[in-house]
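Biologist: I have a structure open on my screen and would like to learn how to read it. Could you walk me through it?

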Amino acid sequence: MLQFQTWKSALVILACLAAVVFSAPNLFHSTVQRAEAAREAMAEGAEGPGLEAAASAWPDWLPSSVIALGLDLQGGAHLLVEVAVEDVHAERLEALWPEARQALRDLREQVGPFRRLETDDPGALTIRLEDPAGAEIAAEALRDLAQPVSGGLLGPGGPDLAVSVEGRDVVVRLTEAAKAAMDERTMAQSLEIIRRRIDETGTREPTIQRQGEQRILVQVPGVGSAEEVLSLIGRTAKLTFHLVESATGDAETRTGPNEILVPSAEEPGRFYVLERRALVTGDRLTDAQPGFDPQTGEPVVNFRFDAAGARRFGEVTSRNVGRPFAVVLDGEVITAPTIREAITGGSGQISGSFTVESAQELAILLRAGALPAEITVLEQRTVGPDLGADSIAAGETAIVVAFLAVLAFMGASYGLFGLFANLALILNVCMLMALLSVIGATLTLPGIAGIVLTIGMAVDANVLIFERIREEAKRAKGAARAIETGYERAFSAIVDANVTTFLAATILFSMGSGPVRGFAVTLGLGILTSVFSATMVTRFFVAQWFARARPKTLAV
Amino acid sequence: MRRLRLAPEDTSIPFMSGRRWALGGSLAAAVASLLLVAVLGLNFGIDFRGGIMIEARTPGAADVRQVRGAVSDLGLGDVAVQEFGRESDVLIRVEAQPGDGDAQMAAAAEVERALEAEIPGVEIRRVEVVGPKVSGELIWAGALALAAAVGAILVYIWLRFEWQFSLGAVAALVHDVVLTIGVFSLVRLEFNLSIIAALLTIIGYSLNDTVVVFDRVRENLRKYKQKPLDEVLNVSINETLGRTLMTSATTLIALIALYVLGGEVIRGFTFAMIWGVVVGTYSSVFVAAAVLLRLGVTREWSESGDGPGGGAGVQFGGAQV
């Protein structure tokens, strides 16, 4: 009666073998990781006996996926930031104004006098006409300025501007499609620039991913403080060069229409009146490197423009020898040196009161480029490496103790059958580890809790079966029949009980974030492996034993 | 060979005769929990309230008062300092700062600097900052997750059993969740995101238990067609008692290991789980089954499709999910 089909036996044996093979690398976690890192380094051309020794410590024909440790276990910084995508909308409308003005001026006879109305709504460009009669004509002219929204695969979409007439006012707004397309672009750029900035620091395996509409999750392992990361990714790093009109100590200084008032980064209370138009902007930079001023020995940042930038900078500096110009970074003047001679080589040097670190950081920011929009932090979690190591140690002890205790308990309760269940439990944990390694899941502290809980609950399916077999055996059915019906009748309870827990794990996964997700993953996978191990693996053992021992009565 | 048995071989404990007391007690406990939450509130962690949390290790035994003084002097509003796990470790919590996440970040940096200045050699082990925007969302997401879990379970049990079973199971779940929240309010343990995770797991676990009992009830309803419902329930609970105790025991063993050895960071979580396993085991019998008895079951379905001589075997062909 206790037949076990060949394919089922094969499946069980294969699954168990695979579980052992693919979970094994985790026992040698650091060796495997070092070997992998060494191989990667050698593939990129690095050499050295140390690398080769590290690489050969774990031969490459062995499976080498290990479970990645979450930030709470290995230490590192986790930042959730929000990109102010609306800024870009406002910028687009701002940039539209000169164009719109020109278009309306060309139609002055029909449109009459007009001016731009300052409103509280940054999403609208409002133009007030003296004579409402010209409004429709003006609106028509403005509509001609619209460009088709790039609709991705679907080809060009509708226009990007919506123009409406509200009495004497003509209001220009971005269409929803235009906003959506713009947001996509802003997010893509922001991700790219953040990735470049973090890559520049040489950090290993950062995670940079988009979350939701306008958020980015940045996880950098091995960094002791989130501030370090934030100072790198949080700055817009918009660099511009302007000619200086004058310097002042008065924050209320009135400026002309083509001038702007910018505070000094170095001296609080000092302000510069600058030409509004930038001579050159940071996107013309091809390189920026930290260095030292040969005369003073102070840290500086050396930069180089591309051809167009170099030409423009050369022209302006040759015409303005003797005048100061300002280097403006994110709305602050870092330095305002006087132009001593025309700078035609296309390279220059920014000096301010830099430290070696801040010069290094600015160079990275300039190389990586400016963010298209401002970034604010929503959430930050940093774990120091020591706490991470303590958590791993604590987690390991808890797993081992829980494991041994459950094994002993099962052995004491069910004897030989308990032994089968224990063997299955060990294989079950191997399967769970193997699955986590292969799918590249990240193990977090709550994830460890999930494993421990799985160990506790995994035996449930076996307990259900064994208790049922006990009951059936009491009804004096004969050993084979008792085992058979025990398995059969326990099955529906096992399915129902585990489907419901699995439902909870799925909901946890879909709604949770970070650590909670880690827990959901181990819990969910743990349910799958424990059902498999109870209904297939333990059963296989029991069947094998039964075929050999042929007992007349059962002692479950 | 002697075996460890948590329940005697054949029990026939009349669980259902004590149901009025049990249900009354459960109801009273649930009401008390809700009152506690209403009056005392919950000790929300920064996940839900926003703010700053810093775990630090001092070179010697930590002087909580000194730490509190150093941080309070910064004028950042409410500051709570407590010992954390061992005497050299402290957990500092600062209330949410006005302004956005950047303001929180700046305040966190200020606290770190103040600590480093006040206590040379201090090690900042963990910093968490949650801005007001995210904390609001996290509460909402947590509540939604709980509601979704209960809803999904209601539907699943309804499909697999009958609506009476479904209501009984959900009553037990709500009972477990309410009592757990009540205990958190009572002992003032921090209620954070990981407690939501624990609540969801408790739901899963408690249901597991309930379903095993219900599964047996369904089977026995087919088997003993003439027996009154309360007897069927008693028989079913007694039959599954060994398994119920055994699984609770192994789970508790694992959880206690985690509670004692797993470190301070997840202690709140494991506490919730241990409590939940105990309450969940109780509620499977005294809430879920008792509610089922109160609602009664329609037995027509147990006859339909069953051939003569044994409803019991048929349901397995019907392991339809």
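This is a predicted model: local features need pLDDT of at least 70, side-chain atom pairs count only at pLDDT 80 or more; totals for chains, interfaces and linings use all residues.

**Reading a two-chain model**

Biologist: How many helices and strands does chain B have?

Modeller: Chain B has 11 helices and 6 strands. Its radius of gyration is 25 Å, well over the 20 Å from the globule rule for 321 residues, so chain B is more spread out than a compact globule. Of the 321 residues in chain B, 50% are buried.

Biologist: And what does chain A contain in helices and strands?

Modeller: Chain A has 15 helices and 21 strands. Here the radius of gyration is 34 Å, against 24 Å from the globule rule for 556 residues; that is well over the rule, so chain A too is more spread out than a compact globule. Its C-alpha trace spans about 110 × 65 × 40 Å along the principal axes, and 44% of the 556 residues count as buried.

Biologist: How do I read contacts along the sequence?

Modeller: Take contacts between residues at least 6 apart in sequence, and ask what share joins residues at least 24 apart. For chain A that share is 70%, and for chain B it is 76%.

Biologist: How many residues of chain A are in contact with chain B?

Modeller: On the chain A side there are 65 residues, in contact with 66 residues of chain B. Elements of chain A that give two or more residues to this side include strand 20 (375-383), helix 12 (385-438) and helix 13 (445-474). The largest share, 17 residues, comes from helix 14 of chain A.

Biologist: Now for helix packing. At what angle do helix 5 and helix 6 of chain B pack?

Modeller: Look at the angle between the helix directions, then at the distance between the axes. Helix 5 (residues 132-160) and helix 6 (residues 163-187) of chain B pack at about 155°, with axes 8 Å apart. That makes these two helices of chain B roughly antiparallel, and helix 5 of chain B passes helix 6 of chain B in a right-handed crossing. Among the residues that meet are L146(B), V150(B) and W158(B) from helix 5 of chain B, and W163(B), F165(B) and L173(B) from helix 6 of chain B.

Biologist: Are helix 7 and helix 9 of chain B roughly parallel or antiparallel?

Modeller: Helix 7 (residues 193-223) and helix 9 (residues 267-295) of chain B pack at about 30°, with their axes 8 Å apart. They are therefore roughly parallel to each other, and helix 7 of chain B passes helix 9 of chain B in a right-handed crossing.

Biologist: Is R188(B) buried or exposed?

Modeller: R188(B) is exposed, with 11 other C-beta atoms within 10 Å. D330(A) has 16 within 10 Å and is partly exposed.

Note on methods:
Residues are numbered from 1 along each chain as its sequence is written. Chains are lettered from A and ligands numbered from 1 in the order in which they are written. Helices (H or I, at least four residues) and strands (E, at least two) are DSSP runs, numbered from the N terminus. The radius of gyration is taken over C-alpha atoms; the globule rule is 2.2 Å times the number of residues to the power 0.38. A residue is buried if 20 or more other C-beta atoms lie within 10 Å of its own, exposed if 12 or fewer, and partly exposed in between; C-beta atoms are placed from the backbone. Two residues are in contact if their C-beta atoms, placed from the backbone, lie within 7 Å. Axes are lines fitted to C-alpha atoms, for helices over the stretch in contact, and angles run from 0 to 180 degrees between N-to-C directions. Angles under 35 degrees count as roughly parallel, over 145 as roughly antiparallel, 65 to 115 as roughly perpendicular and the rest as oblique. A crossing is left-handed if the near helix is turned anticlockwise from the far one by less than a right angle, and right-handed if clockwise.
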